[in-house]
Amino acid sequence: MVVPSTTPARQETATMLLPPPSAGGGAIPTVDMSAPRGRGALSRQVARACAEQGFFRAVNHGVPPAGPPARLDAATSAFFALAAHDKQRAGPPNPLGYGCRSIGFNGDVGELEYLLLHANPAAVAHRASSIDTNDPSRFSSVVNEYVEAVKQLACDILDLLGEGLGLEDPRLFSKLITETDSDSLLRINHYPPSCTVHKLDHDDQCKLKGVARTKAGSGGNPAAGGRIGFGEHSDPQLLSLLRANDVDGLQVLLPDINGKDTWIQVPADSSAYFINVGDLLQALTNGRLVSVRHRVIASACRPRLSTIYFAAPPLHARISALPEMVTAGSPPRYRSFTWAEYKTAMYSLRLSHSRLDLFHVDDDESGNGSKGK
Ligand SMILES: C=C1C[C@]23C[C@@]1(O)CC[C@H]2[C@@]12CC[C@H](O)[C@@](C)(C(=O)O1)[C@H]2[C@@H]3C(=O)O
Ligand SMILES: O=C(O)CCC(=O)C(=O)O
Ligand SMILES: [Fe+2]
């Protein structure tokens, strides 16, 4: 069984720069998915990382970089290279589609443009006609083959988690995302290089004026002064699988040895998948697994291209703590809700809101007032 997660009162400190992965990776666990020490050890390692950090780097994951990932990168890079008015055909995001700078419906902005797609093939085909007007079926097949590959990896990880947590049905998590009406999403984020922001302004590619900068006292690193590419948040779904090019920017909020929350810079590794626990897994495991807060700070002189698969259940799926996760000493933390109910709440909230708190059994009436709103 994995180490139970505790959530001590946390304070933030400045961003900590970690050595590159080859030098050990610091606080970020690396999991070799080829299971060199056997499946039992692998499942315990995955469960431990998801309980302690809610985040890990998966290597030897079985998705060949030159295959579906390379083909998707080529297709999405070609889209982002189009003129602004051509890209706008696939927008505005409702919430799906092409978006530029604006994130969600409640005033969040970041220094990026993106494509947000429903992962189901029919939805991809529908969207493809406004994304690749020359060859929409080619775009659809590139997206679909990527989704199939990454969904398989998501299922492998969820099954390992089920085993590592000692669930009665270890496949329970993966079954949620293989339902035909699963609500999983694919997001492709394109962060323009910091040093060409003025050129972008001039070209009116995507209005990047009044850029948000990280500030001292708000969890940022005053020394770095980077611009916010994608603001602090947790992912609402079950599990997110992120792959990016070799440009840094992703940071995760993890407690240091004194329990103080610290922004950890995640060194880029284009051959790896970065896996993070979402709010739904935290709720299903009654807080045993933690939904990690993360953000992207834009400071590089090269564009960052990231692709994230958000593994989600069907809208009607009911989320409540699994019986194995509830004990006399660990009573249910969250009230039961459907994914549809959770989505309605999340779309009414700002990006940084700790929305799971709204479903906390003690917090039903009060909401979370203090964070992000
Ligand atoms: C501000 C928002 C954007 C978001 C929906 C929300 O109201 C709050 C959660 C946000 C988030 C974060 C993770 C994913 O990127 C995302 C697609 C998701 O499911 O939740 C985004 C939403 C979005 O961009 O539509
Ligand atoms: O683009 C990235 O690297 C991360 C973005 C992210 O966290 C998200 O889209 O939810
Ligand atoms: Fe995210």
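This is a predicted model: local features need pLDDT of at least 70, side-chain atom pairs count only at pLDDT 80 or more; totals for chains, interfaces and linings use all residues.
1. Let's start with the shell of ligand 2. There are 13 residues around this ligand, and N189, Y191, H294, R304 and S306 are the closest of them.

2. At least two shell residues come from each of β6 (185-191), β7 (227-233), β12 (294-298) and β13 (304-311). If you want one strand to look at, take β13: its 4 residues are the largest share of the shell.

3. Now the polar pairs. S306 has a polar side-chain atom 2.6 Å from an oxygen atom of ligand 2. For H233, the distance from a polar side-chain atom to a ligand 2 oxygen is 3.1 Å, and for D235 the corresponding figure is 3.3 Å. On its own, ligand 2 would expose 300 Å², and the protein buries 98% of that.

4. Where does ligand 2 sit, in terms of cavities? The space it takes up is the second largest cavity.

5. On to S174, which you'll find in helix α6, running over residues 172-178. Is S174 buried or exposed? It counts as buried, because its relative accessibility is 4%, and the cut-off for buried is under 20%.

6. The side chain of S174 has polar partners too. With the side chain of D159 it makes a polar contact of 2.6 Å. A polar atom of the S174 side chain also lies 3.2 Å from the backbone oxygen of R171. Leaving out residues up to four places away in sequence, S174 touches C155, L158 and D159, so D159 turns up here as well as in the polar contact.

Methods
Residues are numbered from 1 along each chain as its sequence is written. Chains are lettered from A and ligands numbered from 1 in the order in which they are written. Side-chain values use heavy atoms; hydrogens and water are left out. Buried means under 20% relative accessible area, exposed over 50%, partly exposed in between (1.4 Å probe, protein chains only). A polar contact is a pair of N or O atoms within 3.5 Å; within protein, one must be able to donate a hydrogen and the other to accept it, and residues adjacent in sequence count only if both atoms are side-chain atoms. Contact means heavy atoms within 4.5 Å. A residue is near a molecule or strand if one of its heavy atoms lies within 4 Å of it. Accessible areas come from the Shrake-Rupley method with a 1.4 Å probe; for residues, only the protein chains shown count as cover. On a 1 Å grid over the protein atoms alone, a cavity is a set of points where a 1.4 Å probe fits but cannot get out, and a pocket is an open set with protein on both sides within 12 Å along at least five of seven lines; lining residues have an atom within 4 Å of a point. A molecule sits in a cavity or pocket if more than half of its atoms lie within 2 Å of its grid points.
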